[in-house]
Amino acid sequence: MDTAPAGAARLNDDVLAMIFEALAGCDPPRVVHKGSKVTQMDLGFIRASHTCRQWRRLLLSLSSLWAHHVFTFPQPSAVHTILGRTSGAPLHMDRLYMRPRSLGLLHEVLPRTTTLDVSTQRSAIPLDGFTGVVRSLCTGPAPQLEQAKLVYEPLNGALLLSGGDTQAPMSAPRLQHLTLINTFFPFELPSLTHLKLSWQPKPDVRLPAASLVAGLRASPQLQSVDLCHSLSDGLLGESTAAASRITLPQLSHLAVKDEAHLVFAFAGLIVGPPELHLNAELVDDSPEGTAAVEGLSQQFRRILAYGKNAALSIS
């Protein structure tokens with residue numbers, strides 16, 4: 001079709017662009033998967049580019065719309081075509097369904113990526129492919145990255161990239177939101193405001209306390225921290241040294257779910273503002289955990305040292 005539908009032909013490009021932006025939001029292209037097999041593909045707003053030359057020209061020029069859908073379709077030709085239409089715009093990798101043949105390109109475009117959401121449950125990539133994505137985040141530049149969510153969901157096990165000489169901390173100067181599920185790596189994130197770490201209950205390997213403490217200390221803008229089964233006995237040594245205290249002046253929400261003695265050791269490390277709300281969920285039913293709960297009153301002054309207005313919720 002060479003001409004726009006009647007009525008729509010009288011709309012100028014600015015008005016049409018706003019319409020297309022709204023259309024892209026309510027009718028995105030999507031692929032339905034059953035396991036690793038594609039069962040249905042829907043072009044969504046892309047169908048509008050098949051209406052007439054005017055609409056196609058305008059839609060192809062709206063790079064920010066295409067930037068959300070680089071890896072939506074499985075065909076490599078579609079991936080490269082849509083990437084070309086982004087024209088250098090920041091990329092949004094939301095709820096990616098990754099395939100092994102797309103991994104190389106993902107590594108290349110990470111410096112342009114603003115949001116990244118990768119889960120092994122939604123993807124057809126093996127563990128080594130997922131590990132490669134995580135290592136790229138840690139070792140490669142990510143100057144545009146503002147939000148990242150990495151979820152490793154095997155039947156059992158987790159991905160731990162330990163610190164030390166072989167693993168440099170992740171450094172993304174603009175990253176504000178970081179969620180790691182069954183995944184961990186060292187980090188130094190000066191703009192980080194929201195952190196969520198969740199590890200498997202009763203894992204064979206615990207998160208390294210020193211890496212966690214170092215990451216928190218290097219992220220002074222944190223406002224919200226949510227930790228689930230992410231603490232280890234290494235915190236007990238950290239909590240005895242005053243020099244190990246972690247000062248987070250912007251922190252308003254701290255939620256910790258773990259064994260009682262680890263929760264108390266971690267809470268004792270945090271120095272926050274008076275308005276800090278601490279939500280502690282104790283999951284330890286061992287004799288040591290019971291003793292820790294019985295001695296809870298002795299911990300109050302330590303935990304409530306944040307300020308007179310601090311709130312405490314324990315379950």
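**Exercise 1. Aromatic pairs**

How many aromatic pairs does a search of the whole structure find? Characterise the pair formed by phenylalanine 20 and tryptophan 55.

*Solution.* The structure is a predicted model. A search of the whole of it finds 4 aromatic pairs.

Step 1. The ring centres of phenylalanine 20 and tryptophan 55 lie 5.6 Å apart, and the ring planes stand at 75°. Planes over 60 degrees apart count as edge-to-face, so this pair is edge-to-face.

Step 2. Phenylalanine 20 belongs to helix H1 (residues 13–26) and tryptophan 55 to helix H2 (residues 53–61).

**Exercise 2. A second ring pair**

Step 1. Phenylalanine 130 is found in helix H6 (residues 127–139), whereas tyrosine 152 is in the loop between strand E5 (147–151) and strand E6 (159–160). The two are 22 residues apart, and their pairing links distant parts of the chain.

Step 2. The cut-off for buried is under 20% relative accessible area. Phenylalanine 130 has 0% relative accessibility and therefore counts as buried; tyrosine 152, at 10%, also counts as buried.

**Exercise 3. A charge over a ring**

Over the face of which residue does arginine 85 lie?

*Solution.* Arginine 85 is placed over the face of tryptophan 66, at a distance of 4.7 Å from the ring centre.

**Exercise 4. The nonpolar core**

Identify the residues of the largest nonpolar core that touch the most other members, and state which element gives the largest share of this core.

*Solution.* Step 1. The core holds 86 residues, and those touching the most other members are Phe20, Leu116, Leu150, Met170, Leu175, Leu254 and Phe266.

Step 1. Helix H9 (residues 260–267) supplies the largest share, 7 residues.

**Exercise 5. Salt bridges**

State how many salt bridges are counted, and trace the contacts of aspartate 42 with arginine 30 and with arginine 47.

*Solution.* Step 1. The count comes to 9 salt bridges.

Step 1. Arginine 30 and aspartate 42 form a salt bridge through their side chains, at 3.2 Å from N to O. Arginine 30 lies in strand E1 (residues 30–34) and aspartate 42 in strand E2 (residues 37–42), 12 residues apart.

Step 2. Aspartate 42 also forms a salt bridge with arginine 47, whose closest N and O atoms are 2.6 Å apart.

Step 3. Aspartate 42 counts as buried because its relative accessibility is 17%. Arginine 30 is partly exposed at 36%, and arginine 47 is partly exposed at 41%.

Step 4. Asp27, Arg30, Asp42 and Arg47 are linked in a network of salt bridges.

**Exercise 6. A bridge between loops**

Which parts of the chain do glutamate 146 and arginine 174 tie together?

*Solution.* Step 1. The closest N and O atoms of this salt bridge are 2.8 Å apart.

Step 1. Glutamate 146 is in the loop between H6 and E5, and arginine 174 is in the loop between E6 and strand E7 (177–181), so the pair ties together parts 28 residues apart in sequence.

Step 2. Glutamate 146 is partly exposed, with a relative accessible area of 26%; arginine 174 is partly exposed, at 38%.

Technical notes
Residues numbered from 1 in each chain as written. Predicted model: local features only at pLDDT ≥ 70, side-chain atom pairs only at ≥ 80, totals over all residues. Heavy atoms only, no water. Phe/Tyr/Trp six-rings, centres within 6.5 Å; stacked < 30°, edge-to-face > 60°. Helix = DSSP H or I, 4+ residues; strand = E, 2+ residues; numbered from the N terminus. Buried < 20%, exposed > 50% of the residue type's maximum accessible area, 1.4 Å probe, protein only. Lys NZ or Arg CZ within 6 Å of the ring centre and 35° of its normal. Core = buried A, V, L, I, M, F, W, Y, C linked by side-chain atoms within 4.5 Å. Salt bridge = Lys/Arg side-chain N within 4 Å of Asp/Glu carboxyl O.
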